[in-house]
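Trainee: I have a new model open and would like to talk it through with you. Shall we look at it together?

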Amino acid sequence: MSGLRIFFIGGAIAYRGLFNWLSPWIFVPTFLVAPIFQILLFVYIGRSAHVRSDSFYVVGNALQYAAIPCVFAMSNTIAGERFQKTLGYILATPAGRLPLFLGRSLPVIVNGIFVSAFAFAVGGAIVGIHVPASAVGSLALVIAVCAASCTGLGLFSAALGLRVRETATLNNIVFGLLLVFCGTNVPLDELPGWMSFASQGMPLTHGIEAARRLAGGQSLGTVGGLIGAEALVGGAYGLLGFGLLRFMEWQSRRLATLETA
Amino acid sequence: MNSARLLLLGWALHFKMLSRSSFNSVLAVIYPGFFATVAFFLYREGNPHALLYASLGASVMGIWGATSTAAGGALQRERWHGTLELLVASPAHFSLVMLPVTLAMSTIGIYSMAATLAWGRIVFGVSLHIAHPLSFCLAVVVTVVAIGMCGFLLAVAFVRYRTAWALGNLLEYPVWLICGFLVPLSLFPGWVRPISWLLAPTWGMRAIREAAIGGSSLPDVGVCAGIGAAYTLIGVLVLGRLLHAARERATLALT
């Protein structure tokens, strides 16, 4: 029961307290307006370069933008403890680490889903793409899996944030890598082989592909493998991130290096 | 003479400070590079003849990218550092203190410009033959200064917002989109073009391209410089009103 309370209530409080981007003055420009312009930027570059349909860029960029709320929020809600000088107190508590850290990911995932779905709906409406009504539910599932997967990466980034001083720089670089590698705007077969290979181990790659196929009219059953792969990659990053957090905690106790960055 | 000295020293000081910040220098160079890389891939696949166009456009994106978010939050940063009141109270006009800050930010963008052009050359084989090197350099300098002046206007316009960086960040994509960096203006609906004409980067971008391909860049340089000067003038006037209001109501600190 205590674990559940820490997971749900503690996670929500930490999220609200440490992720200050929830202010409307940040939330609206960063999470609602910026993804629309990112979509428009690549739609128009695509039109100018005479490659692919508008739908390709709407799907890719709407899903990829989940990386902003998920990676940044996860990083802020864990590494932010260090900046608030509360990390020591958190790690001194007997609370289970799994609900303590993973509980913070739940609101992050919900926000990621909202941002991605909003960008998809509004960006798609502005550009005028058609998505079959039967695909809406399946697309919602893919968006949710992508948001969860990005949050797994965010947990890994958050763990690094306990050692890296400039988390904003780190997270922006993560966002940029996802933009280039994951087939967001350039199909994987147009990328050099090593980039295409590396993208298989990155969140969003499989989810974006699955969403494109669903938007193209394929059924959920035909993209089940892609969704499973996306969940697997996200889960692997989540596990890696949690393990790294525990390692950082153990090492900081051993070497007294909790606040070294 | 004192004003010129203040501008020059302020610019040099802030340029050195920004160069030491990973967010404002390293990221300012790398981040537009991600977008440039995607653009290179797309143009190479669909329209290889436009790669030089894309390379020049992507390089100027970095100048704006280095300025918009940082300039939006410039005054808030002084607030956090506790220096805003001291700077406002100093005998020099506050615009002479703030303008070098945003000019230094746009100057950092030259790193990004050089890095993007080199990236395009090395990785994508985009060779850059500049027809008029002197005109090209003049166009780059005027564009950097005009974007810095635009940043100054943003900085003072957002003085009342605690989260001004987010508003500055918001303007990054729209300017990249409608100033003709990577997309010709002719592709946009008619109502977008008058907006882009009011933006100095549009003319700076045109001047840089014209100088590179051998056209006449001076008219565009002149318009870019004129719009930049207008931004500064508006910024100084707005700043005067805002500082007067802040003094009258004791709201400078926004506490």
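Trainee: In which helix of chain A is L106(A) found?
Mentor: Helices here are DSSP runs (H or I, at least four residues) numbered from the N terminus. By that count, L106(A) lies in helix 7 (residues 105–127).

Mentor: A word on the basis first. This is a predicted model, where local features need pLDDT of at least 70, side-chain atom pairs count only at pLDDT 80 or more, and totals for chains, interfaces and linings use all residues. Residues are numbered from 1 along each chain, chains are lettered from A in the order written, and side-chain values use heavy atoms, without hydrogens and water.

Trainee: Which helix gives the most to the nonpolar patch?
Mentor: The patch, about 490 Å², is made by L4(A), F8(A), I9(A), I13(A) and L106(A). Its members have over 30% relative accessible area and no salt bridge, with nonpolar side chains joined within 5 Å; areas are Shrake-Rupley values with a 1.4 Å probe. Four residues come from the top contributor, helix 1 (residues 2–18) of chain A.

Trainee: How many residues of chain A's side touching chain B come from helix 2 of chain A?
Mentor: Contact means heavy atoms within 4.5 Å, and 37 residues of chain A meet 31 residues of chain B. The largest share of chain A's side is from helix 2, with 16 residues.

Trainee: Which residue forms a salt bridge with E45(B)?
Mentor: The rule wants a Lys or Arg side-chain nitrogen within 4 Å of an Asp or Glu carboxyl oxygen, and it finds one salt bridge across this interface. With closest N and O atoms 2.4 Å apart, the partner of E45(B) is R52(A).

Terms used: Helix = DSSP H or I, 4+ residues; strand = E, 2+ residues; numbered from the N terminus. Patch = residues over 30% accessible without salt bridge, like charges linked within 9 Å, V, L, I, M, F, W, Y side chains within 5 Å.
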